[in-house]
Amino acid sequence: MSERIRAAKYPKLEHFSEPNVITTTADFIFSWARSHSVFPFTYGLACCAIEMLSSGFARYDVARYGMEVFRPTPRQCDLMIVAGTVNEKMAPILRRLYDQMSEPKWVISMGACATSGGPFYDGYNVVNGVDKVVPVDVYIPGCPPRPEALFQGLLELQGKIQQFKFVPEKPAGYELFAADEAEPAEGAVTSAAEEA
Amino acid sequence: MGLVVGSNPMSMDAIAALLVERFAGDLDDVRIQEPDTIVARCAREQLRGVAARLKADAEVGYETLNWVAGVDRRTAFESVYHVYSWKTNTWMELHVELPKGKPEVDTVCDVWPAANWHEREAWDMVGIRYLGHPDLRRILLKDDFIGHPLRKDYVDLAENHPHV
Amino acid sequence: MYDHFETPEPDEAVKLALRRIEESTARGEGSEMDGLEFNEVVVNMGPQHPSTHGVLRLVVTLDGELVKDVIPVIGYLHRCKEKLAEKRTYFQYIPIVDRTEYLASINCEWGYVLAVEKLAGIRPTRRAEFIRVITGELMRIASHLVAVGTFTADLSPLGTAMVFYMFRDREQVLDLMEELTGARMMFNYFRFGGVRYDLPDGWAERCREFLKTFPAKIKEYEALVDDNAIFLQRTQGKGVITQQDVVDYGITGPNARASGVDLDLRRQRPYSVYPELEFDIITAHHGDIFDRYRVRMDEMRESLRIVEQCLDMLPKGPVQLGSLRAPYVITPPPGACYVGQENPRGEYGTYVESDGSRYPYRLKFRDPCFCNLQLFPKILSGNKIADAVAISGSIDLVLGGIDR
């Protein structure tokens, strides 16, 4: 395979002779930036909100992970941490706020109540899990989860953000460099080019 | 200055005797629940008059309402009022029985302003209608909730659960 | 199910606010702000708001910057607790009571356990009574730290030194509680007849160390705010709760004590071993925001005093009735009873009605914040919107208790 294709398929950091010049893929660099400076949205509803607050303050410092910028408005956030029980009265509002966030956005469901209704699962007014209203990326169990558990969830989310592909997946049968003769051309494009 | 707790301390027996004497016919079944609560029953029609007189009484004025609860007793409903007397530092629990088919009773909002939200909650949860209430609407549940959940015959309806 | 771009229909609370505006327009009332035409606006301080301390919704009618009327809408955290009580045994319900006022969950458990013990005729052991007082007062300190901390965070844009320091010290209290009960917030510690675990080795010494170092911290907090001219200007004279309000609306706790009312259930209707302990009831005279803040700070000092006395007076003995398998399934005799307890926010009580079975027949919580919230339309009206935020922070609401 040619060098160009290898570089595209396997991203690496290549230092040239001058320092401060690094080559890598856009996926890597944007995902790295995104995952390490997430702006959480304080959607603290109930008791888990207090543990979320505790994790933001001095002892369990969420600023170590770059997430200390808790914004109260959804327009400026990309992560919604649903901490607490969601009930039928609150669910439309939850959906509205989720829709007001701009892409890319992620949702963490913190605590047993947000995951599945928790200790109030058989209440007449309780929604059994926030994933019935918004799509959830990471579930954190616990009642309430310790700040360390919240951090483990945030690290899982960082791992998930880093898998995000900035460039979309190529469709089947599409070759990256159709003009490259070193490889036997296959797929619809080259045959279409021959036909045309 | 101002509000003092227990300016007229009386023994529980003395309070019970006073209530039996002054409210003869209106307050039935006056009992003492140790250490400091009087439990009594009142008829539905007399509630408003009794409430006003209880509050205005010179020796045991029950001036503060603590809470109002609605209870579904399967054969009847009940509205329970818990009031506090600053002068004697004692409490009173007043039970008002309401018929099963027509759970309505006069409001006591003009006697005890605190009753406003408590009666709304009793309406919301148990379905007891308080006649004359300035703003009787649901307080804890969403506005289009169907039914009164704390009734014993409440069945979970699908309309109340759009998010399933 | 949802159309993301459509404005929702005004709901009952907003309709009520609009109706009231129409009525006052019909009466011919004008604007109170100079130079403004009469133009009232209904603004939603929605359930998700940094300053409402939980999912409280305030439908505010504004005339310029003046608040004309406030309609609080609650129920966004209604978790059907009173109905769940009928499906759980008395013992299974203790963890659920924890989650009512989650900042001081020991006190909520206490309010429930007192009522059930009275109904069932169970007397807790003496050592357990003292441990209950110790944990209750420690959680009172933790709860006041959060209350005052978030209140000062409201006054300034969400980041003051005060709330960071207060949460740092709250962690020390939670460390002690975690060592004792195993949990940081929802303790599930009280049992009918006692408490679950005895004090571990060395816990009393660690607690005493905390009692020695904490008064200096309280002085540190006061040094940050008490002389600050802006803080004083924003808090003195605002949001006054009169003694008539205390009587009319059933206000209890530090909110009532700040208005000069000598109301403390630990003295008025003593429970547990409080009659044997020496402590003062902190009152203030004006009933404004500053007084409520001062009452909470001084109550923390009184709690330290109580904990120290309890540690000195702690008797030996069991912490639970009977053997290790305490009465886990109890069937109180038919009857009803209500017991109130002094929560950090006021009188928290449970009305328990039993029909002789393992499950409660009716459980009703008397929540202090529910009663305090009724006062909002009265004390928020007539203030500017910024003062309204400060007043609502000083009343110290916990929506878990209001909505149950």
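A:Ile81 touches A:Pro40, A:Phe41, A:Tyr43, A:Met52, A:Ile108 and A:Met110, leaving aside residues up to four places away in sequence; two residues are in contact if their C-beta atoms, placed from the backbone, lie within 7 Å. This is a predicted model, in which local features need pLDDT of at least 70, side-chain atom pairs count only at pLDDT 80 or more, and totals for chains, interfaces and linings use all residues. Residues are numbered from 1 along each chain as its sequence is written, while chains are lettered from A and ligands numbered from 1 in the order in which they are written.

**Nonpolar core**
- A:Ile81 is among the residues that touch the most other members of the largest nonpolar core, which holds 203 residues; A:Met80, A:Val82, A:Ala83, A:Val86 and A:Met110 are also listed.
- Such a core is a set of buried Ala, Val, Leu, Ile, Met, Phe, Trp, Tyr and Cys residues joined through C-beta atoms within 7 Å, where buried denotes 20 or more other C-beta atoms within 10 Å of the residue's own.

**Chain A**
- Chain A has seven helices and six strands, taken as DSSP runs (H or I, at least four residues; E, at least two) numbered from the N terminus.
- Their order along the sequence is α-β-β-α-β-α-β-α-β-α-β-α-α.
- Of the 196 residues of chain A, 38% count as buried.
- Among contacts in chain A with a separation of 6 or more, 73% join residues 24 or more positions apart.

**Chains B and C**
- In this pairing, 31 residues of chain C are in contact with 28 residues of chain B.
- Helix 9 of chain C contributes the most to the side of chain C that touches chain B, with five residues.

Methods: A residue is buried if 20 or more other C-beta atoms lie within 10 Å of its own, exposed if 12 or fewer, and partly exposed in between; C-beta atoms are placed from the backbone.
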